[in-house]
Amino acid sequence: FISSLSESSLSESTVMIGSMDDNDDLLNQCLEIIKQNTSRSYAELTIAAKTYDNDWAEQIKKGFECQIKLLRGTGSYTLVDVLHTYAVFCLSVYDFETAEKCLIECRDIHVREKSPKSALDLVITYSNLCKLNAEWRRIDDAIENGELAIKYLKRYEIFAYNGSLNIHYANLYNLVSVSYHLQNEHQKADEYNKIATDYICKEDDSKVKVLYLHLMIVYNYGVFRMTRKNYFEAYVGIELLYWKCMLLCKMDDSEDYLELKGNYENAMARCEMHLKNYEDAKYYVEEGLKTYGELCEKNHVRYAINRLYLLQTLADIYDEDNLNDKAEEQYLSAISEAQQLIDSGIYVAKGRLYEMLTNLAGLYNKTGNYHTAIEICKKVLTICDELIYLDHDYYTIEIIKGLDNIAITYYNFGDTKSAIKACQDALLKCDELEINNYNIETIGYWKSKIRHDMGLMM
């Protein structure tokens with residue numbers, strides 16, 4: 001039974017636009033809206049949701065859109081900055097479609113301006129489109145935009161502030177490496193991660209921003225190793241720099257730095273779990289929950305998903321340690337919290353929900369509760385069908401995993417006919433991906449595994 005022990009919850013960096021006019025009243029009003037409405041604790045957000053009929057984010061969006069409409073009409077030079085600010089807000093509430101429209105409008109404005117400054121702003125816009133599409137799981141678009149950002153920076157770097165070029169390049173290559181990783185192009189991911197590392201190592205990491213980006217690049221490299229089950233190598237690399245991450249948060253307790261610390265703690269917990277150091281794994285989960293507890297008080301919408309991943313990690317640790325009752329209790333608790341997030345409008349929690357349901361089904365399969373496991377496997381397949389519009393190939397792979405899992409459970413339940421049918425459906429999905437020229441290595445692995453499982457069932 002293939003558990004969904006995902007190691008791909010990455011924290012990518014993005015270059016934020018630097019052309020905002022702090023004296024512009026309209027822009028300050030927009031920034032104030034963000035400060036007031038996205039930096040609230042969970043309790044405050046609950047009150048806000050009731051006040052705005054559970055649609056507080058839509059009220060803020062209407063305010064932005066009214067201001068943007070006025071700026072378009074007047075041809076104001078601040079339009080691009082407000083559009084970018086609106087895109088950042090939409091990303092914070094997981095409205096990827098609106099964020100993309102704003103960034104594309106920014107891109108088109110910069111293209112029309114045809115100046116050195118607009119070319120550098122174009123680099124920033126493409127880098128943000130790369131990050132957005134990676135989070136949206138539109139990986140081809142993420143890679144295309146990331147490569148365009150690198151291309152434009154190389155073309156116009158003579159106009160850039162030379163002291164920051166290494167940081168810009170490190171950031172961009174880091175973003176694209178993450179995108180290649182999400183597409184299972186592991187060799188490319190490693191290649192771009194190394195280039196990012198080479199660039200950032202040219203800078204003095206006593207500077208906070210340099211240290212932050214360096215730690216992020218190392219973290220991503222560790223996650224790449226975890227994906228390939230090289231847990232010891234991943235742990236050694238991450239553990240050596242964890243103390244620097246703690247030092248960074250002492251120097252500056254900004255949300256981005258605390259988030260990176262939480263990501264380190266979750267990654268270390270998962271490495272310790274796979275290395276069967278369960279008590280150490282639980283220690284890092286506890287530390288991570290403290291970190292994300294602090295972050296959720298500042299901005300619950302943004303960090304609730306990361307906290308949820310830690311709750312899943314704790315359940316996975318109990319599961320791996322064969323503490324089945326504790327694992328079941330923790331999975332059910334985390335699943336309930338995921339559902340609450342979905343009901344409150346944080347739909348990306350569905351991605352975490354189907355992973356936890358997959359692992360709970362695996363637990364029930366392990367303990368002989370096959371009927372319940374089958375019902376949960378069906379729920380997982382339904383959720384993947386609902387999410388497939390986000391990234392067809394990625395969620396088709398998840399459906400293949402789900403079909404293989406339900407096949408194994410049917411077989412253990414004594415229903416060989418349904419088990420064989422699920423395997424056949426999974427192989428048809430593999431053929432569909434093959435036609436779409438999906439990663440040959442990944443398709444080959446799943447075809448081999450499913451045929452092996454079918455051979456055992458016949």
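Helices here are DSSP runs of at least four residues and strands are runs of at least two, numbered from the N terminus. With that in mind, colour the predicted model by secondary structure. You will find 20 helices and zero strands.

**The whole protein**

Show everything. The protein has 458 residues, and buried ones make up 55% of them. The accessible area is about 20,700 Å². Carbon and sulfur atoms hold 51% of that area. Next, think about contacts between residues at least 6 apart in sequence: 68% of these join residues at least 24 apart.

**The core**

Hide the surface. The largest nonpolar core counts 152 residues. Select Leu-215, Leu-260, Tyr-264, Tyr-354, Ile-400 and Ile-450, the residues with the most contacts inside this core. Then select residues 208-227, which form helix H10. Helix H10 gives the most to the core, with twelve residues.

**Tyr-354**

Zoom to Tyr-354. Which residues does Tyr-354 contact, leaving aside neighbours within four places in sequence? Select Val-380, Ile-383, Cys-384 and Leu-387.

**Val-218**

Go back to helix H10 and pick Val-218, which lies in it. Is Val-218 buried or exposed? Its relative accessibility is 18%, and the limit for buried is under 20%, so Val-218 counts as buried.

Now show what Val-218 touches. Not counting residues up to four places away in sequence, the partners are Gly-237, Leu-241 and Tyr-264.

Last stop: draw a distance from Val-218 to Ala-196. They are 22 residues apart along the chain, and their C-alpha atoms are separated by 9.8 Å.

Note on methods:
Residues numbered from 1 in each chain as written. Predicted model: local features only at pLDDT ≥ 70, side-chain atom pairs only at ≥ 80, totals over all residues. Heavy atoms only, no water. Core = buried A, V, L, I, M, F, W, Y, C linked by side-chain atoms within 4.5 Å. Buried < 20%, exposed > 50% of the residue type's maximum accessible area, 1.4 Å probe, protein only. Contact = heavy atoms within 4.5 Å. Areas by Shrake-Rupley, 256 points an atom, 1.4 Å probe, with all protein chains shown as cover.
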